[in-house]
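The sequence and the model are shown first.

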Amino acid sequence: MEEELKTLVTDLQKELSSCTKEADVLNVKSKYVGKKSRIMEIMASLKDMNVDDKRKYGSLINNTKKDLERIANEYLENLGNTLDVNFDDTLDYDVKMGSLHPVTIVAKEVTDCLKKMGFTIVAGPEMDSEFYNFEALNIPKDHPARDMQDTYYLDNEMLLRTHTSGVQVKAMEKYGAPLRICVPGRVFRNEDLDASHENTFFQLEGMVIDKNISIENLVGVMQELLREVFHTDVKVRLRPGFFPFTEPSYELDCSCLICGGKGCPTCKNSGWIELVPGGMVHPNVLRAGGIDPEVYNGFAFGLGLTRLAMMKYKIKDIRVFNAGDIRYLENFKID
Ligand code: DAH
């Protein structure tokens with residue numbers, strides 16, 4: 001008798017452990033403690049037992065019945081905590097798949113490619129100080145470059161960063177040289193909005209600091225990156241440019257992907273599209289980051305992620321990115 005009662009308890013536990021639905025637990029419970037269960041049969045047989053057996057087994061049988069009930073109820077309760085027992089999985093829901101934002105897709109492609117080339121992804125604050133956003137980058141208070149990057153100045157003497165370049169000096173201070181980082185992130189400008197101007201958009205900063213770096217390294221990285229993003233070989237060229245935090249500075253153009261370089265309205269018939277500004281990190285910027293320009297040098301670039309997404313997906317109006325129109329995102333569904 002004792003053996004059988006013990007087996008009932010272990011059998012119940014075994015059967016419950018494979019239940020994942022409330023209905024299954026209830027079935028098992030009724031099998032073990034319901035009207036037609038074995039324990040009920042045993043209880044009914046009590047009355048036919050002699051006085052000795054009644055005394056011997058009475059409370060054992062009763063306690064076993066209580067145990068069986070308790071175990072089944074506890075299991076039911078735990079299941080209720082982990083499953084939404086009100087969820088009716090027989091209803092036919094119209095499940096809609098979401099999609100990633102086009103800028104997120106492009107950012108992932110770019111950072112995945114840079115990671116393969118040994119870059120570490122670093123984040124920086126969207127609210128930053130004038131020092132990191134401008135001064136440390138060789139842009140003093142009265143420098144005309146500040147006009148082109150007007151932004152939102154906050155009451156706490158901070159500002160909304162105008163570019164991801166502010167992370168350059170922060171990263172040098174934190175990690176020292178050699179350094180290979182990329183910084184995707186949201187940036188802000190006080191702009192009048194139109195099809196090609198937004199007050200909020202995305203950039204990706206890249207920076208390599210090491211010994212004997214040359215601009216050829218920058219071109220190599222860019223070529224590899226664009227091949228990955230556009231899934232085809234893209235020609236690039238450099239033109240001289242100016243940025244206070246690089247010397248020399250360049251504008252890197254790529255062959256127009258719309259016309260293949262033949263000339264079209266998008267590239268203003270030149271066959272080239274201005275894509276990535278960059279250059280060799282200015283010695284003053286290295287110094288601001290605590291790195292000796294006599295020992296180390298490096299390159300930096302500022303990729304316009306929003307711009308890249310516009311090119312990749314042939315999006316003509318920058319404002320759609322922040323409009324939050326879900327119908328628009330339907331176009332970027334991933335199968
Ligand atoms: N921060 C610049 C901008 O937003 C872009 C840029 C230019 C970044 C040159 C760089 C660089 O790292 O070397 O206009």
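Helices (H or I, at least four residues) and strands (E, at least two) are DSSP runs, numbered from the N terminus. On this scheme, Val103 is placed in helix α5. The model is predicted: local features need pLDDT of at least 70, side-chain atom pairs count only at pLDDT 80 or more, and totals for chains, interfaces and linings use all residues. Residues are numbered from 1 along each chain as its sequence is written, and side-chain values use heavy atoms, with hydrogens and water left out.

**Domains and the segment between helices**

The domain assignment of the protein chain gives domain 1 (2-82) and domain 2 (102-332); such bounds come from an automatic or database domain assignment. Between the C-alpha centres of domain 1 and domain 2 the distance is 69 Å.

Val95 sits in the loop between α4 (51-82) and α5 (102-116). Val95 is exposed, at 69%, whereas Val103 is buried, at 4%. Together with Leu91 and Tyr93, Val95 makes a nonpolar surface patch of about 350 Å². Patches are made of residues with over 30% relative accessible area and no salt bridge; like charges are joined within 9 Å, and nonpolar side chains (Val, Leu, Ile, Met, Phe, Trp, Tyr) within 5 Å. The areas come from the Shrake-Rupley method with a 1.4 Å probe, and for residues only the protein chains shown count as cover.

**The sheet**

Two strands pair if DSSP finds at least two bridges between them. Seven strands form an open sheet of mixed pairing, in the order β1-β4-β5-β9-β8-β7-β6. The edges are β1 (120-121) and β6 (236-243), each with a single partner strand, so one side of each is left without a neighbour in the sheet.

Strand β8 (residues 272-281) in turn pairs with β9 (residues 297-304) in the antiparallel sense over three bridges; here the bridge partner of Met280 is Phe299 in β9. Strand β7 is mostly covered, with eight of its 10 residues buried.

**The largest nonpolar core**

A nonpolar core is a set of buried Ala, Val, Leu, Ile, Met, Phe, Trp, Tyr and Cys residues joined through side-chain atoms within 4.5 Å. The largest one has 46 residues, of which Val110, Leu114, Phe301, Leu303 and Leu308 touch the most other members. At least two residues of this core come from each of α5, β5 (200-210), α9 (215-230), β7 (246-255), β8, β9 and α11 (305-312). Helix α9 gives the most, with nine residues.

**Salt bridges**

A salt bridge is a side-chain nitrogen of Lys or Arg within 4 Å of a carboxyl oxygen of Asp or Glu. The structure holds 23 of them.

| Pair | Closest N and O atoms |
|---|---|
| Lys108 and Asp112 | 2.8 Å |
| Lys115 and Asp112 | 3.9 Å |
| Glu228 and Lys116 | 2.9 Å |

Glu228 lies in helix α9 and Lys116 in helix α5, so this pair ties together parts that are 112 residues apart in sequence. Lys116 is exposed, at 64% relative accessible area, and Glu228 is partly exposed, at 26%.

The other two pairs lie within α5. Lys108 and Asp112 are four residues apart in helix α5 and thus separated by about one helical turn. Lys115 and Asp112 are three residues apart in that helix, about one turn. Lys108 is partly exposed, at 48%, as are Lys115, at 45%, and Asp112, at 26%.

Elsewhere, Glu130, Glu135, Lys141 and Arg146 are linked in a network of salt bridges.

Conventions:
Buried means under 20% relative accessible area, exposed over 50%, partly exposed in between (1.4 Å probe, protein chains only).
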